[in-house]
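Please examine the sequence and the structure before reading on.

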Amino acid sequence: TIGKLRISKSEYKKKYDEAYMTYLDGNYVKSLTMFSQLLELENINDLSDNCQYWVGEIYYSMKNYNNAISAFTRVFDYKDNNKASYAQYKLGLCYLNINDTDNAVEAFKKVVSNHNNQADLVKKSQKFIQKYK
């Protein structure tokens, strides 16, 4: 597509850090815009999956669980991403928040089967599976 912007890795990192700090400050709407702008850039780099993940976290913080579900689901589109386990776990929490316990249990089961190196998330997921299955 013509007209998409490319920026350097260092510039991307700088903008990513700014967006993340804005999120930590609790300015969700502004940080959502900042992360979304980074995701619209042409150059996919090793922070793109993180941007996608934080979009999910922002929607989650705003209690907009349906948008959070679609944002967290998009994290898996990025190969070699480092946020899959967290995105998978947060999907479970999103489904619990909209009272969809079947999908929540499925999401937590995927954490256990696909991310068994994440002991903490696995333990939390197993507790939810026990509670809701």
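## Contacts along the chain

What share of the contacts with a separation of 6 or more is accounted for by residues 24 or more positions apart? In this predicted model, such residues account for 51% of those contacts in the chain.

## Overall fold

The chain contains seven helices and zero strands. Its pattern, read along the sequence, is α-α-α-α-α-α-α.

The C-alpha trace spans about 50 × 30 × 25 Å along its principal axes. Because a compact globule with 133 residues would have a radius of gyration near 14 Å, the 16 Å of the chain agrees with that expectation.

## Burial and surface

Of the 133 residues, 44% count as buried, where buried means under 20% relative accessible area. The chain exposes about 7900 Å², and carbon and sulfur atoms supply 48% of this area.

## The largest pocket

The largest pocket holds about 220 Å³ of space. Two elements, helix H1 (9–24) and helix H2 (28–40), each give two or more residues to its lining. The largest share, four residues, comes from H2.

The lining consists of Leu5, Ile7, Lys15, Glu18, Met34, Gln37, Leu38, Glu40 and Leu41. Leu5, Ile7, Met34, Leu38 and Leu41 are the nonpolar residues of the lining, Gln37 is the polar one, and Lys15, Glu18 and Glu40 are charged.

How values were computed:
Residues are numbered from 1 along each chain as its sequence is written. This is a predicted model: local features need pLDDT of at least 70, side-chain atom pairs count only at pLDDT 80 or more; totals for chains, interfaces and linings use all residues. Side-chain values use heavy atoms; hydrogens and water are left out. On a 1 Å grid over the protein atoms alone, a cavity is a set of points where a 1.4 Å probe fits but cannot get out, and a pocket is an open set with protein on both sides within 12 Å along at least five of seven lines; lining residues have an atom within 4 Å of a point. Grid points are joined across faces, edges and corners, and a volume is the space filled by probe spheres set on the points. The radius of gyration is taken over C-alpha atoms; the globule rule is 2.2 Å times the number of residues to the power 0.38. Buried means under 20% relative accessible area, exposed over 50%, partly exposed in between (1.4 Å probe, protein chains only). Contact means heavy atoms within 4.5 Å. Accessible areas come from the Shrake-Rupley method with a 1.4 Å probe; for residues, only the protein chains shown count as cover.
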